[in-house]
Amino acid sequence: MYYCKRALFTLLSCFCTTAWAQQPKLDILTDIAPVHSLVSMVAGEQANIDLLVQPNQSPHNFVLKPSQVQSIQRAQLIIILESDVSPAILQYVDSTQSKATVLTIAQSSEESHDWLSPTHAISWLSAISEVLSSLDEANAQRYAQQATHAQNTLHMLQQQLKAQLGPVKDKSFIVYHDAYTQFADAFDLQAPTAIAQSDARTPGAARLLKVRKIAQQSACIFAEAQHNDGYIDTVSEGLDIGHGILDPLGSTIPLGADHYPLMMKNLVDELQRCMG
Ligand SMILES: [Zn+2]
């Protein structure tokens, strides 16, 4: 029997009573905390889920460390985004002829941050459920149930957060790096202006000047939890503009199934606070 209490943010209060088939737990490795959270929603107690990039680190310019090599060696299943992180891992898996199953989740572009769109996250849950079921057939039905439940929850969350952002949807805002295109799409917001247009590139004087002009007409400028630099001040000094901080990896939120919905809610709360 499968029973879940319905409430806003049901993941926080979900009581699922179907027992798992008695199987050894899967050892899964994920790249970033939001993906770790989505996998947790589907795998529940039936897996040990490891994390490669800690939430206070940036996944950009990723280099594999010895401790991380061990995590890859242990893993039966590796679930990663197509990003800066994936080439190093795929290369390692290839070169060691590791038997781990790898699920690489395609993003709309390599530098995209598709996890900030619940629409994408919802579609990934199906792929996660399928790969888990292929490795642990006895629990296939349970994975499918958990995935469907998580999809319903994220769908409701998206509707709720979109409504919350309704009053600020036409306001323009500035972000540190170009990470929020998919996020803005998912919530019908104006596409933000990014100071750094690419993760690899630092903004030059001409770019800073251009963004400063846009900042004069903008409601808010957001620094980022994973990037500590002075560009925000250069662009906004002396201007009448709101200041906020966005955390697209949920660095202060405990890992697990609740991480993703809380991370999204924190982003939306911060946008609303600063632009409202
Ligand atoms: Zn980024």
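This is a predicted model: local features need pLDDT of at least 70, side-chain atom pairs count only at pLDDT 80 or more; totals for chains, interfaces and linings use all residues.
In sequence, the residues that donate to the zinc ion follow the spacing H-x52-H-x63-H.

**First stop: the zinc ion.** Select the zinc ion together with His 60, His 113 and His 177, its protein donors. Each of these histidines contributes its NE2 atom, at 1.9 to 2.0 Å from the zinc ion.

Next, select His 60 and His 177 and trace the chain around each. His 60 lies in the loop between strand E2 (47-51) and helix H2 (66-74), whereas His 177 belongs to strand E5 (residues 173-177). The two are 117 residues apart, so that the pair links distant parts of the chain. Are these residues buried or exposed? His 60 has a relative accessible area of 13% and counts as buried because that value is under 20%. His 177 is buried as well, with a relative accessible area of 3%.

Select Ile 28, Ile 79, Phe 183 and Met 264, the residues with the most contacts inside the largest nonpolar core, which has 72 residues. Helix H9 (residues 259-275) gives the most to this core, supplying 8 residues. Domain 1 (23-163) and domain 2 (167-275) each provide at least three residues to the core.

Centre the view on Phe 183. Beyond its neighbours within four places in sequence, Phe 183 is in contact with Leu 116, Leu 189, Met 264, Leu 267, Val 268 and Leu 271.

Key
Residues are numbered from 1 along each chain as its sequence is written. Side-chain values use heavy atoms; hydrogens and water are left out. Donors are N, O and S atoms within 2.8 Å of the metal (3.2 Å for Na, K and Ca); water is not among the atoms, so sites may look incomplete. Helices (H or I, at least four residues) and strands (E, at least two) are DSSP runs, numbered from the N terminus. Buried means under 20% relative accessible area, exposed over 50%, partly exposed in between (1.4 Å probe, protein chains only). A nonpolar core is a set of buried Ala, Val, Leu, Ile, Met, Phe, Trp, Tyr and Cys residues joined through side-chain atoms within 4.5 Å. Domain bounds come from an automatic or database domain assignment. Contact means heavy atoms within 4.5 Å.
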